[in-house]
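Reader: I would like to learn how to read the features of a protein model. Could we go through one together?

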Amino acid sequence: MLQTVWVSSPGSWALQESDRQRQGKKRSWKCRFVRTIIQHPCRRHAPKRSRKARMLRKIQICLCFCFVSGILYEISLLSSCVFSYLPVAQQYLTPEQVLNLGKSIIFLETTERLEPPPLVSCSVESAARIYRDRPIILFMRGLTNETALDLNTSYAAFSLLSSMKNVFIFPLQMETVFQETPLLPWYNQVVPEQEKNWVHVSSDASRLALIWKYGGIYMDTDVISIRPIPQESFLAAQKSRFSSNGIFGFPARHKFIWDCMENFVLKYNGNIWGNQGPFLMTRMLKTLCNLTDFQGTEDHSCQNISFLNPQRFYPIPYPAWSRYYQVWDKSPNFNHSYALHLWNFMNRNRKVVVAGSNTLAEKLYKTYCPTTYKDLIQNAKHRDLPGPED
């Protein structure tokens with residue numbers, strides 16, 4: 001436990017006799033040692049007080065010491081929350097405690113899988129490196145308190161992410177996330193097994209509820225961060241006059257997000273892909289302002305909401321998504337981008353990063369998520385190479 005002792009300077013507690021006493025006597029009444037805050041000056045020379053006054057003084061000092069120690073202990077707990085991650089099964093922090101630290105970067109995994117693929121690991125690692133002073137939280141639908149016990153040793157990517165100081169991994173409990181939001185009645189009535197796009201729809205709903213409750217930035221798990229996003233309230237334009245919902249950020253309890261949740265329920269249609277996602281964001285933004293085409297790399301502003309240029313996150317548009325997995329004669333510098341969306345939903349052929357391929361994606365991994373590249377790409381290749389016995 002943290003112990004703090006307040007000390008005074010050596011001379012501040014020194015008591016000396018008057019000149020006349022010094023001349024007539026050889027002894028000196030100096031107290032030459034340092035005293036702590038809970039000690040009294042030399043009792044022999046302290047002013048006489050009543051027994052009751054002395055007792056009250058002692059109580060005041062003890063209470064003060066306990067109060068200061070308590071504050072410092074709480075600060076130490078909070079700092080350890082941000083800068084040292086404990087495995088999910090071994091730490092006692094709840095998602096609310098971490099989210100309440102503020103300005104979290106939130107990722108969601110709404111499938112049941114427990115082993116994050118390399119692109120997910122790269123997305124989380126790159127955010128952890130770019131936003132070192134902010135909590136990076138990965139919510140996983142398939143994770144429970146029971147399954148958390150052996151994950152550090154069972155899954156390489158899980159162990160990799162768990163070892164990062166500002167990364168937290170929690171179970172995604174939707175019934176808790178939707179509490180006190182317009183989404184709770186919808187969630188109580190919907191039947192996931194009958195939903196055509198449940199993985200996407202449940203993710204669309206969860207990101208809205210989490211950002212409304214706690215604020216911060218939401219990112220898809222196929223987004224590689226390359227520099228900090230300076231805006232606090234923003235939407236990301238996928239193209240002119242069309243917003244994505246793969247990256248957005250707002251302070252807690254922002255009215256725009258509340259309105260989005262209400263519209264989510266009012267206009268719900270789970271059979272149309274994106275109806276509760278990018279189409280929702282776009283139609284809600286259009287209720288606030290008249291959207292126009294982007295010119296150059298300018299951003300737009302709409303009632304204190306920044307509508308960021310497609311170059312910020314989508315410099316390679318979705319029809320050209322495969323270019324990330326191609327070799328470029330000269331790699332782009334992405335000087336106008338904050339992050340890069342790799343369009344994993346479009347990756348029907350399941351293209352992956354291969355060590356030594358020299359593709360654009362491989363270069364991005366090497367630069368922005370080097371631990372993922374080393375542990376999950378390079379080491380995986382070495383493990384797959386045939387040995388002499390083969």
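Reader: Is tyrosine 314 buried or exposed?

Author: Buried means under 20% relative accessible area, exposed over 50%, and partly exposed in between, using a 1.4 Å probe and protein chains only. Tyrosine 314 has a relative accessible area of 5%, so tyrosine 314 is buried. A word on the model: it is predicted, so local features need pLDDT of at least 70 and side-chain atom pairs count only at pLDDT 80 or more, while totals for chains, interfaces and linings use all residues. Residues are numbered from 1 along each chain as its sequence is written, and side-chain values use heavy atoms, with hydrogens and water left out.

Reader: How many aromatic pairs are there?

Author: Rings of Phe, Tyr and Trp (its six-membered ring) pair if their centres lie within 6.5 Å; planes under 30 degrees apart count as stacked, over 60 as edge-to-face and the rest as tilted. By this rule there are 20 aromatic pairs. In one of them, the ring centres of phenylalanine 139 and phenylalanine 170 are 6.2 Å apart and the planes meet at 35 degrees, so this pair is tilted.

Reader: Where in the chain are phenylalanine 139 and phenylalanine 170?

Author: Helices (H or I, at least four residues) and strands (E, at least two) are DSSP runs, numbered from the N terminus. Phenylalanine 139 belongs to strand E2 (residues 136–140) and phenylalanine 170 to strand E3 (residues 167–171), so the pair links distant parts of the chain, 31 residues apart. Phenylalanine 139 is buried at 3% relative accessibility, and phenylalanine 170 is buried at 2%.

Reader: Which residue forms an aromatic pair with tyrosine 314?

Author: That is tryptophan 343, in a tilted pair with 5.1 Å centre to centre and 35 degrees between the planes. Tyrosine 314 lies in the loop between strand E9 (305–308) and strand E10 (339–341), while tryptophan 343 lies in the loop between E10 and helix H12 (360–368), 29 residues apart. Tryptophan 343 is buried too, with a relative accessible area of 7%.

Reader: Which residues form one aromatic cluster?

Author: Phe178, Trp186, Tyr187, Trp198, Phe264 and Tyr268 do.

Reader: What sits over the ring of tryptophan 328?

Author: A charge sits over a ring if NZ of Lys or CZ of Arg is within 6 Å of the ring centre and within 35 degrees of the ring normal. Here the charged end of arginine 323 is over tryptophan 328, 4.0 Å from the ring centre. Lysine 239 likewise lies over the face of phenylalanine 242, at 5.8 Å from the ring centre.

Reader: Which residues does tyrosine 131 touch?

Author: Contact means heavy atoms within 4.5 Å. Leaving out residues up to four places away in sequence, tyrosine 131 touches Ile105, Ile136, Asn166, Met219, Ser225, Arg227, Pro228 and Ile229. Tyrosine 131 is placed in the loop between helix H4 (118–130) and E2, and is buried at 3% relative accessibility. Tyrosine 131 and serine 225 are 94 residues apart in sequence, with 9.1 Å from C-alpha to C-alpha.

Reader: Where does threonine 221 lie?

Author: Look in the loop between strand E4 (216–219) and strand E5 (223–225). Threonine 221 is buried, with a relative accessible area of 16%. Again not counting residues up to four places away in sequence, threonine 221 touches Phe107, Leu108, Leu119, Val120 and Ser123.
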